[in-house]
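Thanks for asking me to look through this one.

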Amino acid sequence: MTYAPTVVLVDDHDIVRAGVTAELGDRVQVLGEAGDVGGAVALILDRRPEVVLLDVHLPSGTGADVIRGVRAGGGTDVRFLALSVSDSPDDVIAVIRAGARGYVTKSISGEDLGDAVLRVAEGDAVFSPRLAGFVIDAFSASLPAPADPELDLLSPREQEVMRLLARGYAYKEIARRLTISIKTVETHASNVLRKLQVSNRHELTSWATKRRIV
Amino acid sequence: MPGTSTTPESRRTAGRNRDWCLPALDNDRALVAGVASGIAAELGVPASWIRTSFVLLFAIDGWGALVYGGLWAFLLWARLADIAPVRTGPVPGRGRSSGHRFLSIALITAGLAIAGLSLAPFGPVAGIGVGLVIVGLGLAWRTSSTAQAALPGRARIHQLLGGVGLVVGGLFILLTSFEPLATGTFVVGAVLIALVGTIVVSGPWLYQVLRDFDSERQARIRSDERAEVAAHLHDSVLQTLALIQKVEDRQAAINLARRQERELRNWLDPGRASRLGGSIRGRLDQMASDVEELHGIPVEVVTVGDVLVDEPIIALLNATREACVNAARHSGTKRIDVFAEVDDDDVTLFVRDTGDGFDPTTVDPDRRGLRESIVGRMERAGGGAMIYSEPGQGTEVELTIPRSALEPSKGAAVISAETSPPSREDRSQ
């Protein structure tokens with residue numbers, strides 16, 4: 001039997017949970033489902049899944065609250081993949097900065113979702129084209145003098161990888177395109193995710209609100 | 001599930017057993033306003049202890065009256081502000097005769113009066129006045145409380161009249177004890193007393209009436225909003241759901257669902273359509289919806305930056321649409337990715353599919369879509385187009401339009417279709 005990671009689903013809509021469970025089929029082992037922040041934190045700390053599929057919006061808070069609750073409760077080894085219909089950049093950046101390993105939209109196909117869960121379970125970052133677009137946007141805002149160039153700017157190679165992701169390329173295709181190994185592509189993606197999480201860049205927090213006034 | 005209900009009864013029990021909560025005015029066992037019996041219930045001691053304490057406190061320069069009045073005002077406010085619970089329901093000891101109650105009230109009044117007479121800080125006479133006003137208000141306001149609604153009408157009227165009498169008497173004593181008023185004309189004093197007395201006594205009713213009016217208005221607004229939402233959902237979402245259930249074809253069902261989703265999103269955020277109408281971001285979203293609807297292939301649009309639509313951008317949008325339609329029709333792809341990036345110098349746009357692909361050198365000259373609608377259109381607009389494809393590797397169309405073409409003052413720098421974009425070298429393999 002192939003490896004099937006353990007998963008907890010957090011979404012307040014029964015229909016979505018049922019749909020996701022059906023789509024993932026036997027590619028994952030669903031350990032449980034929760035519909036609000038408190039219930040999700042308790043369930044995750046109890047079951048200790050490898051991956052949590054996390055809705056960005058919950059009735060009693062946000063996906064970021066769930067991540068912080070689990071981390072505070074000692075669940076440091078649990079990995080999160082945000083799964084949402086929300087296309088608001090603020091929500092997406094917030095959940096990534098709280099520690100999610102990736103973000104995919106709910107319109108993703110069952111097969112792609114299964115791949116994404118597997119990748120997150122193995123510790124990799126998962127970028128949907130949309131998330132890559134948000135990242136390019138966030139880091140491209142011109143900054144007179146970056147406080148820490150190491151964290152506040154993407155390297156040319158990282159920018160290249162992000163652009164290809166935004167264009168809909170898979171890691172495998174990017175590797176072939178740039179004649180580098182898949183592992184290297186994964187490293188670039190993980191580094192970008194880390195920069196997104198730890199950069200203190202003022203733009204990263206205020207950018208989402210500003211860009212609405214285009 | 002027991003333990004989660006928040007009835008006054010359970011809150012009272014919880015308040016006594018676990019953590020402290022604000023005492024409630026006890027309408028049922030009240031002699032004056034229920035302050036003493038409320039506190040007694042909270043502390044679990046006989047009410048008479050608290051009452052005696054108040055009377056004794058009153059004897060110390062009349063402080064008891066101030067403390068009692070202050071507590072009363074605070075607890076009343078707390079109840080009206082929904083902070084403290086209202087004690088309701090049958091309570092043991094409720095069945096005392098009204099004769100007994102009036103006797104108690106009379107005794108307390110007398111006690112307060114005597115104590116005030118001897119030592120009140122405002123002067124002995126004023127002390128009596130304060131005592132009378134407090135007791136009178138207690139009586140009058142209790143008449144309006146719901147707990148008293150069960151009393152026979154005549155008893156309530158007696159109680160009310162008694163209360164009003166005490167208040168007016170107390171105010172009279174209080175006012176005449178002040179020098180300026182005592183020396184003024186009697187008429188002014190009488191009018192003042194009557195006025196203040198009326199306002200004070202009718203306070204709770206006025207408040208109740210205003211409050212009812214306000215909550216009724218809010219309820220009406222809420223129900224109007226609800227009706228509007230229900231009407232909209234009925235006309236849109238419910239209709240679509242009914243349609244989807246009847247549709248045999250899976251693709252048709254998906255198209256219906258996607259169209260409904262877009263419609264609902266626009267309805268939830270009314271500014272969205274108009275805000276995006278004039279921008280490349282909004283137009284691309286719209287284009288994607290149209291292609292999805294017509295051809296049943298999902299189109300994922302990612303836009304970085306934004307720019308207002310003008311002639312060259314419209315050419316870019318039309319070329320993009322053509323590229324998407326081509327991919328949807330001929331490539332057999334499962335989805336189309338569109339990525340647009342607006343920077344200071346130009347707008348770059350990619351349309352990518354993972355379908356069959358083709359060899360661009362052997363394209364049938366009759367395929368006017370590629371030659372005319374994409375490459376020709378872009379060149380005429382001052383931009384360029386490149387098509388990358390290999391059999392079995394999918395197709396990617398790259399469109400570029402310089403932003404300087406949008407602002408003639410800068411002088412248009414035309415990028416030809418042959419210009420090789422960065423990071424393309426690897427394609428020459």
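1. A word on terms before anything else. A residue is called buried if 20 or more other C-beta atoms lie within 10 Å of its own, exposed if 12 or fewer, and partly exposed in between, with C-beta atoms placed from the backbone. Helices (H or I, at least four residues) and strands (E, at least two) are DSSP runs, numbered from the N terminus. Please keep in mind that this is a predicted model, in which local features need pLDDT of at least 70 and side-chain atom pairs count only at pLDDT 80 or more, while totals for chains, interfaces and linings use all residues. Residues are numbered from 1 along each chain as its sequence is written, and chains are lettered from A and ligands numbered from 1 in the order in which they are written.

2. Let me begin with helix H6 of chain A, residues 129–140. Eleven of its twelve residues are buried. Those of H6(A) that count as buried are A:Pro129, A:Arg130, A:Leu131, A:Ala132, A:Gly133, A:Phe134, A:Val135, A:Ile136, A:Asp137, A:Ala138 and A:Phe139. The expected span of a helix is 1.5 Å times one less than its number of residues; for H6(A) that gives 16 Å, and the end C-alpha atoms are 16 Å apart, which agrees.

3. Next, the sheet of chain A. Two strands pair if DSSP finds at least two bridges between them. On that basis six strands form an open, parallel sheet in the order E2-E1-E3-E6-E7-E8. Strands E2 (29–34) and E8 (126–127) are at the edges, each pairing on one side only.

4. Which residues cover the two faces of strand E3 of chain A? On one side are A:Val51 and A:Leu53, on the other A:Val52 and A:Leu54, and all are buried. E3(A) runs parallel to strand E1 (residues 6–10) of chain A, with four bridges joining them; here A:Val7 has A:Val51 as its bridge partner. E3(A) also pairs with strand E6 (residues 79–84) of chain A, again parallel and over four bridges. In that pairing A:Val52 partners A:Phe80, and A:Leu54 stands opposite A:Ala82.

5. E6(A) itself has six of its six residues buried. A:Arg79, A:Leu81 and A:Leu83 are on one face, with A:Phe80, A:Ala82 and A:Ser84 on the other. Three bridges link E6(A) to strand E7 (residues 102–105) of chain A in the parallel sense, and A:Ser84 stands opposite A:Thr105 there. E7(A) in turn pairs with E8(A) over two bridges, with A:Gly102 and A:Val126 as bridge partners.

6. Two residues are in contact if their C-beta atoms, placed from the backbone, lie within 7 Å. Leaving aside neighbours within four places in sequence, A:Leu81 has contacts that include A:Val51, A:Leu53, A:Ala100, A:Val104, A:Val117 and A:Val126.

7. A nonpolar core is a set of buried Ala, Val, Leu, Ile, Met, Phe, Trp, Tyr and Cys residues joined through C-beta atoms within 7 Å. The largest has 102 residues, and A:Leu53, A:Leu54, A:Leu81, A:Ala82, A:Val135, B:Cys324 and B:Val338 touch the most other members. Helix H13 (residues 311–331) of chain B gives the most to this core, with nine residues. Apart from it lies another core, of 26 residues, among them B:Ala36, B:Ile134, B:Leu166 and B:Val168.

8. Turning to chain B, it has 14 helices and five strands, and 33% of its 429 residues count as buried. Its five strands form an open sheet of mixed pairing, in the order E1-E2-E3-E5-E4. E1 and strand E4 (384–389) of chain B stand at the edges with a single partner strand each, so one side of each is left without a neighbour in the sheet. E1(B) and E2(B) pair in the parallel sense over six bridges, and B:Val301 stands opposite B:Val338.

9. Finally, where the chains meet: the contact takes 15 residues from chain A and 13 residues from chain B. On the chain B side, strands E1 (299–304), E2 (336–342) and E3 (346–353) are the elements that give two or more residues. E1(B) gives the most, with four residues.
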